[in-house]
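Please look over the sequence and the three-dimensional structure shown here, and then read the briefing below, which takes up a strand pairing, its sheet and an annotated site.

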Amino acid sequence: MQGIRNKQEIKLKIKRMGINGEGIGFYKKTLVFIPGALKGEEVLCQVTSVNKRFLYARLVTILKASKDRVQPQCPIYEDCGGCQIMHLAYPKQLDFKDDLIRQSLKKFQPQGFENFPIKHTIGMVEPWRYRAKLQFQTRSFGGKVHAGLFAEGSHHLISIENCLVQDSTTQTIINGIVSLLEGHKIPIYNERRIAGLRTVMIRKGQSSGQVQVIFVTSKELHLAPLVKELVTNFEEIKTVAVNYNRSKTSSLYGEQTEIIWGKDTIDEDVLDYSFALSPRAFYQLNPQQTETLYSEVVKALEVSEEDQIIDAYCGVGTIGFAFAKHVKGIRGMDIIPEAIADAKKNAKAMGFTNTYYETGKAEDLIPKWYQEGYRADAIIVDPPRTGLDEKLLETIIKFQPAKMVYVSCNTSTLARDLVTLAKVYQIEYIQSVDMFPHTARTEAVVKLRKK
């Protein structure tokens with residue numbers, strides 16, 4: 001970009017915040033992205049990357065601070081990168097998450113987006129220690145084993161011993177596991193040379209206090225002595241599993257998971273029902289806000305006792321179970337066989353006889369079910385961050401259930417998918433729920449009704 005060079009220092013006023021929580025200003029009509037800067041601030045920054053249409057810069061000095069700036073409570077906040085907006089006062093984080101939805105809608109511009117009602121983000125009373133699931137990478141350096149997260153955009157591990165958004169029990173257990181890995185001399189994964197333990201997953205059932213652990217490894221490990229000591233030290237651990245991931249990709253898990261100690265599942269509650277979770281089954285990271293999220297889904301769908309509901313991406317069946325007592329039938333699908341097995345067991349344990357679950361992709365199973373004569377009155381979709389599969393979007397547009405709720409963890413892919421859905425559905429409202437305080441992410445519940 002003419003006239004601007006790397007390492008050049010420039011003064012800017014921050015006009016707004018971007019979708020990753022960074023400050024955005026303009027230098028000679030060119031967009032500048034500055035992580036750590038807040039709306040309304042005047043800053044001195046140093047250019048770190050020059051592109052044709054925008055610049056990236058490093059915050060050097062805050063010349064005029066925002067009244068909403070706070071001192072982050074986490075001592076490794078800037079190094080870790082797991083949270084992006086801890087330096088913003090929590091009530092203003094909720095305003096930012098409202099704006100996240102508006103920014104995404106403005107970018108993709110689904111039909112009528114200017115008039116979509118956007119309800120204020122529902123936050124937490126205590127936005128700390130909320131993550132009930134921990135997934136830390138393990139590496140060995142400086143003669144010690146470390147567990148934590150990679151710094152943003154790198155494979156440099158930041159060792160984490162006290163994460164302020166992580167459930168304290170899971171943090172205590174990972175610290176204990178690190179000590180045991182050293183004591184038992186377990187081989188630790190290294191991208192270049194050593195095969196061994198790559199990742200540790202720890203999940204706690206908030207209602208039961210039960211904990212499950214998965215060791216993700218690239219080779220067979222002799223874990224029995226470690227596991228014996230681990231479960232003695234931490235009585236809340238009920239399941240220990242090993243997942244074999246021998247690929248060199250960034251995928252967290254491989255396909256093979258084996259339970260090596262304890263029971264197959266742990267127990268959890270939400271709303272007025274209980275269910276079991278196997279180690280690989282998906283469940284929301286923030287159990288406290290999951291109550292709020294599911295309540296919003298129930299409110300948005302407005303079911304009747306004759307309704308047949310499809311619960312796409314159903315996981316262990318949790319969202320669908322909220323409706324099972326009040327509708328004629330629930331059908332769910334998921335691509336993870338263990339999740340479908342859990343859904344069937346959970347439905348049976350709760351005495352539901354109007355549920356049906358099948359392993360597979362929604363875009364394949366829904367046409368098959370319709371061909372067999374099934375008809376849905378409503379559909380719930382809760383896809384991963386990549387959003388709805390294009391073929392599933394086509395399927396929904398083809399069969400057009402009268403009512404729909406879209407639960408999204410990525411405002412960008414949500415807005416993209418609404419471009420297609422808005423052709424057939426009226427977007428009644430979007431309700432954001434803050435599932436991830438101090439991060440630039442939010443969860444949204446969208447109420448849609450066939451035009």
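Gln137 has Thr199 in β11 as its bridge partner, strands here being DSSP runs of E with at least two residues, helices runs of H or I with at least four, both numbered from the N terminus. This is a predicted model, in which local features need pLDDT of at least 70 and side-chain atom pairs count only at pLDDT 80 or more, while totals for chains, interfaces and linings use all residues. Residues are numbered from 1 along each chain as its sequence is written, and side-chain values use heavy atoms, with hydrogens and water left out.

**The sheet**
- Strands β8 (residues 133-141) and β11 (residues 197-204) run antiparallel and are joined by five bridges, where pairing requires that DSSP finds at least two bridges between two strands.
- The open sheet consists of seven strands with mixed pairing, in the order β10-β9-β8-β11-β12-β13-β14.
- Because β10 (157-159) and β14 (256-262) stand at the edges with a single partner strand each, one side of each is left without a neighbour in the sheet.

**The annotated site**
- UniProt, in an unreviewed entry, places the feature "active site" at Cys409; its positions are given in the numbering used here, feature names are shortened, and annotations may be inferred rather than shown by experiment.
- Cys409 lies in the loop between β21 (403-408) and α10 (411-421).
- With a relative accessible area of 12%, Cys409 is buried (under 20%; exposed is over 50% and partly exposed in between, with a 1.4 Å probe and protein chains only).
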